[in-house]
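Hi everyone, thanks for coming.

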Amino acid sequence: MNNALRTTAFAAALAATFGAAYGVGRGVDPLVAAEDRPAGQRGGHDGAGEGGAEAAAAGHAPGGLQISAGGYTLALETPVVPAGSRSEIRFAVKDDSGRKVTAYRREHGKELHFILASTDLTQYRHLHPVRAADGTWSTPVDLPEAGGYRVFADFTPAAAGAENLTLGADLAVSGAYRPAALPAPAAVAEVDGYRVTLGGELRAGQAGELTPSISRNGRPVTDLEPYLGAYGHLVALRAGDLAYLHVHPEEGDPGPVVSFAATAPSAGTYRLFLDFKHQGKVRTAAFTVRAAAPASDAEGHGESGSGAPAGHTH
Ligand SMILES: [Cu+2]
């Protein structure tokens, strides 16, 4: 591991909150560059991180809460889809003159990342829609549960000076609605025979390290495959308003532990969704965690803050 690089990533994360989605992902740049990021587009990646840090310093709201920001609007053309059958979601990003955006900077191999979650946080999808030449994005979707959902478009327009944005919009999934309680905080999640154990903690207002560890049949998984240029993708959604945080690993080890630096915008409860790829298939492990309150000045940055560690809260 490159300690200098890791320190840089962590320092960047200290200055970043929601909105600096890719700022904390700098540590993975060499892998991204080697795998699928054209050299000419790395500037945009770095620029997004810096912009996010500035936005955080200026006290901007977390990502995903607004349908319009920075002169861009998420226009969801299919605000209602049915539960329990395959349908299509269509949307566009419009600029401040109402034109559909057709030029984007790639982030982690894609022009746009589309996240969808139910407001009760039991349903989650990380999708990569296809863009038509006119700027209309579409993706098939099949959601088993009716109810209120939030969609998030995470992208960077190619226009000069544009920063990484995450815009959010409400989506209704029609059918009989059975809202579920948020699963209790737990440090272990099971998915398709994989066991993911979450270490570390998520903190409000300061960088915390999250260290999910992946095993299968009792054996650590050490041959994770890059998915979109990283060994893991982590999205955190705040319970209650679904404020959005997308972070990336600090370093490039292919398991069993994938470390992330993340800063929560407030104390509270969050649902974490970890995407990882192994043997050709992407899986998602989900955790409920509580973000610790910021340590007071008297406590400094000690480990004895009032919040419980994310991985050990019950
Ligand atoms: Cu994505």
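Let's start with a count: the model has twelve salt bridges, where a salt bridge is a side-chain nitrogen of Lys or Arg within 4 Å of a carboxyl oxygen of Asp or Glu. Before I go on, a word on the ground rules: this is a predicted model, so local features need pLDDT of at least 70 and side-chain atom pairs count only at pLDDT 80 or more, while totals for chains, interfaces and linings use all residues. Residues are numbered from 1 along each chain as its sequence is written, and side-chain values use heavy atoms, with hydrogens and water left out.

As a reminder, side chains of opposite charge can pair when their charged atoms come close. One of the pairs here is Glu77 with Lys100, whose closest N and O atoms are 3.2 Å apart. When I say strand, I mean a DSSP run of at least two residues, labelled E and numbered from the N terminus.

How accessible are these two? Glu77 is partly exposed, with a relative accessible area of 34%, and Lys100 is partly exposed too, at 29%. The cut-offs are these: buried is under 20% relative accessible area, exposed is over 50%, and partly exposed is in between, using a 1.4 Å probe and protein chains only.

Next, Arg90 and Glu88 meet through their side chains in a salt bridge of 3.0 Å, N to O. Arg90 is partly exposed at 32% relative accessibility, and Glu88 is partly exposed at 37%.

Then there is Arg178, which forms a salt bridge with Glu145, the closest N and O atoms being 3.4 Å apart. Arg178 lies in the loop between E11 and strand E12 (188–191), and Glu145 in the loop between strand E9 (136–142) and E10, so here the linked parts are 33 residues apart in sequence. Arg178 is exposed, with a relative accessible area of 55%, whereas Glu145 is partly exposed at 26%.

Pro79 counts as partly exposed, at 43% relative accessibility. Which residues does Pro79 contact, leaving aside its neighbours within four places in sequence? The answer is Leu171 and Ala172, with contact meaning heavy atoms within 4.5 Å. Pro79 and Leu171 are 92 residues apart in sequence, yet their C-alpha atoms are 5.0 Å apart in space.

Now for the strands. Strands of a sheet pair through backbone hydrogen bonds, either parallel or antiparallel. In this talk, two strands pair if DSSP finds at least two bridges between them.

Have a look at strand E10, residues 147–157, which is mostly covered: ten of its eleven residues are buried. Strand E5 (residues 104–105) runs antiparallel to E10 and is joined to it by two bridges, with Arg105 standing opposite Thr156. Strand E6 (residues 112–118) pairs with E10 in the antiparallel sense over seven bridges, and there Leu116 faces Val151. E10 also runs antiparallel to strand E11 (residues 165–174), joined by nine bridges, and Phe155 stands opposite Leu165.

Further along, four strands form an open sheet in the order E18-E17-E20-E21, with antiparallel pairing. Strand E18 (244–247) and strand E21 (281–291) stand at the edges with a single partner strand each, so one side of each has no neighbour in the sheet. From one strand to the next, the twist averages 20°; axes are lines fitted to C-alpha atoms, for helices over the stretch in contact, and angles run from 0 to 180 degrees between N-to-C directions. Strand E17 (residues 233–238) and E18 run antiparallel, joined by four bridges, and Leu234 has Val247 as its bridge partner in E18.

My last stop is His278, in strand E20 (residues 268–278). Is His278 buried or exposed? His278 counts as buried, at 3% relative accessibility. The side chains of His278 and Tyr194 are joined by a polar contact of 2.7 Å. A polar contact is a pair of N or O atoms within 3.5 Å; within protein, one must be able to donate a hydrogen and the other to accept it, and residues adjacent in sequence count only if both atoms are side-chain atoms. Beyond its neighbours within four places in sequence, the contacts of His278 include Arg216, Asp223, Glu225 and Arg283.
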